[in-house]
Each structure stands twice: as C-alpha cells, then as structure tokens.
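Here's a quick tour of a protein chain for anyone new to reading structures. Have a look at the model first, then work through the notes below.

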Amino acid sequence: MNLVESFKIALKGLAANKARAALTMLGVIIGVSSVILLISIGSGVTNEVTGQLEGLGSNLIYVMPGNYEELMNGNMAAMSGAMMGQQFTVHDVDAVETQLSDKAWVTPYIENSARVSVNTNTNEIVSGIEALGGNVTQVMDIKLSAGRAWTQSEVTGAARVAVIGDGVREQLLPGRDPIGAEIKLNGQRFRVIGLREKVGGGAMGGSQDSSVAIPYTTAQNLLSSSSINAIMVKAKNPDDMHFIQTRIRQILRPAFGADFSVFSQDQLLGIMGTMMNILTYMLGGIASISLLVGGIGIMNIMLVSVSERTREIGIRKAIGARTWDILAQFVIESILLSVLGGIIGITIGALGAWALSSVLPTTVTLWAVALAFFFSVSVGVFFGVYPAHKASQLDPIEALRHE
C-alpha cells in the first residue's frame with residue numbers, strides 16, 4: 001500500500017470521528033494562534049519603539065540611571081539591575097547643562113501615563129505623558145502644526161500647559177481648534193498651547209500622536225515625584241558626540257559611580273532591540289506551552305484510537321498489510337490533526353493581530369508563521385510516533401481476538 005492510499009485511509013479515520021478530531025486539534029489551534037498573536041505584539045512594539053527613536057535624530061545622547069553596559073554585552077541577568085538603578089534629580093540635570101551649555105542642548109525627561117479628558121466630554125482616555133524642559137524643541141525636534149511649545153518661564157513656574165498629539169485631538173476635541181482648549185490630566189486642568197504634526201504609527205501610549213507633552217516641573221507636581229527618568233542631550237555639532245559622552249561620565253561619576261549609562265542613538269537601539277527580542281521570545285515561549293499540551297492531547301487520542309481499532313488493524317495485517325503500512329496510517333493521522341490545527345491557528349492568530357492593531361502595534365512576521373507551523377507539524381510527528389509504533393507491533397492473531 002502506497003502513501004496516497006495511507007493518506008486516504010487516515011482521512012476516512014478522522015472523518016469517522018469528526019467531533020473527537022476537532023477537540024484534539026483544539027490544543028494545537030490555541031497554541032499556534034497564541035504564538036502568532038504574542039510574537040506579532042512583541043514584533044510590533046519593537047518596530048514602534050525603534051521607529052520613534054530613529055526619528056529623533058542621530059546626534060542625540062541618552063543618559064539613563066542604571067548600568068546597561070552588561071546588557072549591551074549580552075548579559076541578560078543585568079536587565080533587572082539596570083532597570084532598578086538610582087534615579088536622577090534636577091540637580092544632576094543642571095550639572096550636565098552647566099558644563100555643556102556651549103556644546104549641547106540638555107533637558108530632563110519624564111515618561112508616564114495619565115487619564116486625559118475634556119470638561120464638556122465624559123469620554124476619557126489613558127495617554128502617554130512626556131515631560132521635558134525648556135529646550136524641548138531643540139532636543140526632541142518636536143514639529144508643531146499649530147500653536148507653540150512652552151517657554152522657560154512656564155517651566156520655572158510649573159505652568160499647566162500642554163502640547164497634544166493629533167490622535168488625542170481626534171479623540172477628545174474632534175472638529176475643534178485645540179489651541180486654547182482645556183483638558184484634564186488626572187483631574188487637573190491644563191491649557192492646550194500646541195498641536196504636534198501627525199506622524200502616524202501605532203496607537204499605544206508611546207506614539208507621538210497619542211501622547212501629551214508637558215513641562216517636567218508640572219509633571220513632577222502631577223505625579224508627586226521629583227525623580228527624572230532620563231537626561232537627554234543633543235549635540236549642537238555631531239563631531240562633538242564622543243567628547244560630550246566622555247564629559248557626561250566625568251560629571252555624573254562622583255555621585256553615581258558606575259550606576260548610570262551614557263549612549264548614543266545607535267547604542268540605545270541595540271539595547272532596546274535586545275530587550276524587545278527577549279520579551280518577544282518570552283511571549284513565544286509561554287505560548288508554546290499550550291502547543292505541548294496540544295501534542296499530549298493528540299497522543300492520548302491516538303492511543304485511544306489504536307485501542308478502539310485493534311480488530312481493524314488485525315484484519316489489515318491478516319490480509320497482507322505490512323508493519324510500515326500500519327505505522328504510516330497512524331502517523332499520517334497525527335500529522336493531519338496537527339497540520340489542520342496549525343493552519344486554523346495561524347488564521348486565527350493573524351486575524352487576532354489585525355483586530356488588535358487599532359489598540360496595539362502588531363506585526364505578523366513570516367518567520368513567526370513558519371516557526372508556529374513547523375512546531376505544529378513537529379508536535380504531530382513527535383506525539384504520533386509512539387501510538388503508531390504501538391499499533392504497528394500488534395500481533396494479528398491477538399488483534400483479531402480483540403473485542
């Protein structure tokens with residue numbers, strides 16, 4: 001009997017027990033769709049963050065609390081230590097700005113989230129908050145389609161003024177001129193003084209379109225915190241990048257020792273890429289557990305199938321079926337279950353990623369689809385071999401006696 005005949009027999013065997021076959025595939029479907037969905041979220045977030053960092057310019061220097069050097073060298077265990085580093089204060093920012101005023105623009109940077117609403121509208125959204133100093137337009141290269149950025153006097157006075165993204169305007173102030181409008185951040189009133197140009201991209205909090213920028217002093221009052229997440233330094237001359245990085249280390253080392261990091265945009269992109277890849281692999285690994293569960297389900301059902309069809313196996317072997325024929329039949333059945341489950345899971349996962357794209361940045365990558373499909377097939381082969389081998393080794397006389 002050739003493989004085509006074995007394939008036809010395997011299809012008939014599955015068709016005879018449609019409900020059981022569907023339930024058996026369910027574990028594979030859930031596993032594959034979870035892998036596709038979670039990896040697409042991880043890839044989408046990676047692309048979103050990378051795109052935003054690349055758009056800030058190549059002569060930007062990031063100073064962050066925590067030692068990320070080990071992470072850059074591939075030491076994954078250093079991640080938690082780097083993220084829990086001592087926080088900067090305004091005094092640290094002032095020290096850097098005073099020493100580098102002729103070489104670079106310096107601003108503190110605070111990132112958080114807040115509830116944003118409008119007095120005349122009960123609608124409320126959660127938006128990303130970016131808080132910076134008076135050099136915001138020079139350092140961050142923020143482009144405005146209307147209004148202005150805040151002044152240094154507004155920073156000093158912790159004025160409740162805001163520059164909103166175009167996505168925030170569309171959600172809270174549709175059809176209105178946002179300049180001069182009043183919004184609320186965590187229940188506190190702010191006056192809109194500027195509107196960012198629309199840049200597109202994902203709808204997560206980190207997107208410029210869906211963020212609200214305010215003076216860092218105002219953010220400290222709003223969040224009841226004096227800490228600074230990072231110091232952003234933009235070189236006036238790209239040729240001074242190395243000198244500026246060295247000087248920043250000299251300024252901050254007496255207070256922080258080695259517990260801070262200074263890196264250029266390229267270095268930051270490498271760090272963010274490493275961290276995002278770890279996140280993506282972790283999400284994929286967690287989702288793969290359900291594939292393992294699905295494989296065990298396939299093996300259990302195939303063992304039950306062998307037990308139920310013992311007499312059929314005995315008849316086939318009595319009229320000349322070889323051990324290979326029996327082995328191929330049950331392995332093919334197992335592979336069919338996993339392949340069909342994999343195809344359905346890929347479809348569901350891709351549709352789920354598409355549905356989430358309005359809320360989170362998602363990217364369905366070809367490698368994720370190929371990986372999920374490969375593992376679904378591997379599950380069918382691996383967990384189908386033992387039941388198939390058991391079936392092929394049955395003694396025909398004993399099998400014919402089976403009731």
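Let's start with charge: the structure holds seven salt bridges. A salt bridge here is a side-chain nitrogen of Lys or Arg within 4 Å of a carboxyl oxygen of Asp or Glu. Keep in mind that this is a predicted model, where local features need pLDDT of at least 70, side-chain atom pairs count only at pLDDT 80 or more, and totals for chains, interfaces and linings use all residues. Residues are numbered from 1 along each chain as its sequence is written, and side-chain values use heavy atoms, with hydrogens and water left out.

- Side chains of opposite charge can pair when their charged atoms come close.
- Asp240 and Lys103 meet through their side chains in a salt bridge, at 3.9 Å from N to O. This pair links distant parts of the chain, since the two residues are 137 residues apart. Asp240 sits in the loop between strand 9 and helix 10 (241–256), while Lys103 sits in the loop between helix 5 (90–100) and strand 2. (Helices, H or I with at least four residues, and strands, E with at least two, are DSSP runs numbered from the N terminus.)
- Is Asp240 buried or exposed? Asp240 counts as buried because its relative accessibility is 17%, whereas Lys103 is partly exposed at 26%. The cut-offs are: buried under 20% relative accessible area, exposed over 50%, and partly exposed in between, using a 1.4 Å probe and protein chains only.
- Glu154 and Arg148 form another salt bridge, at 2.9 Å from N to O. Glu154 is buried, with a relative accessible area of 12%, and Arg148 is partly exposed, with 34%.
- Asp166 pairs with Arg169, their closest N and O atoms being 3.1 Å apart. Because they are three residues apart in helix 8 (residues 166–172), about one helical turn separates them.
- Asp166 is buried at 9% relative accessible area, and Arg169 is buried at 18%. Both belong to a network of salt bridges that also links Glu170 and Lys198.

**The chain as a whole**

- The protein chain has 15 helices and 10 strands.
- It has 403 residues, and 46% of them count as buried.
- Accessible areas come from the Shrake-Rupley method with a 1.4 Å probe; for residues, only the protein chains shown count as cover.

**Strand 2 and its partners**

- Which strands pair with strand 2? One is strand 9 (residues 230–235), which pairs with strand 2 (residues 104–118) in the antiparallel sense over six bridges. In that pairing, Pro108 has Ile231 as its bridge partner.
- Strand 6 (residues 182–185) also runs antiparallel to strand 2, joined by three bridges. There, Val116 has Leu185 as its bridge partner. (Two strands pair if DSSP finds at least two bridges between them.)

**Nonpolar cores**

- The largest nonpolar core has 63 residues, and Ile214, Val233 and Ile248 have the most contacts inside it. Strand 2 gives the most to this core, with seven residues. (A nonpolar core is a set of buried Ala, Val, Leu, Ile, Met, Phe, Trp, Tyr and Cys residues joined through side-chain atoms within 4.5 Å.)
- Leaving out residues up to four places away in sequence, Ile248 touches Ile61, Val63, Val96, Leu100, Val233, Phe260 and Val262.

- Tyr281, Trp367, Leu371, Phe374 and Phe375 make a nonpolar surface patch of about 550 Å². Patches are made of residues with over 30% relative accessible area and no salt bridge: like charges are joined within 9 Å, and nonpolar side chains (Val, Leu, Ile, Met, Phe, Trp, Tyr) within 5 Å.
- Helix 14 (residues 366–392) supplies the largest share of the patch, four residues.
- Phe374 lies in helix 14 and counts as exposed because its relative accessibility is 51%.

**Two loop residues with positive phi**

- Asn186 has a phi near 50°, a positive value in a residue other than glycine. Asn186 lies in the loop between strand 6 and strand 7 (188–196) and is partly exposed at 26%.
- Ser224 is not a glycine either, yet has a positive phi of about 55°. Ser224 is found in the loop between helix 9 (216–223) and strand 9, and counts as exposed at 68% relative accessibility.

Definitions and conventions: Contact = heavy atoms within 4.5 Å.
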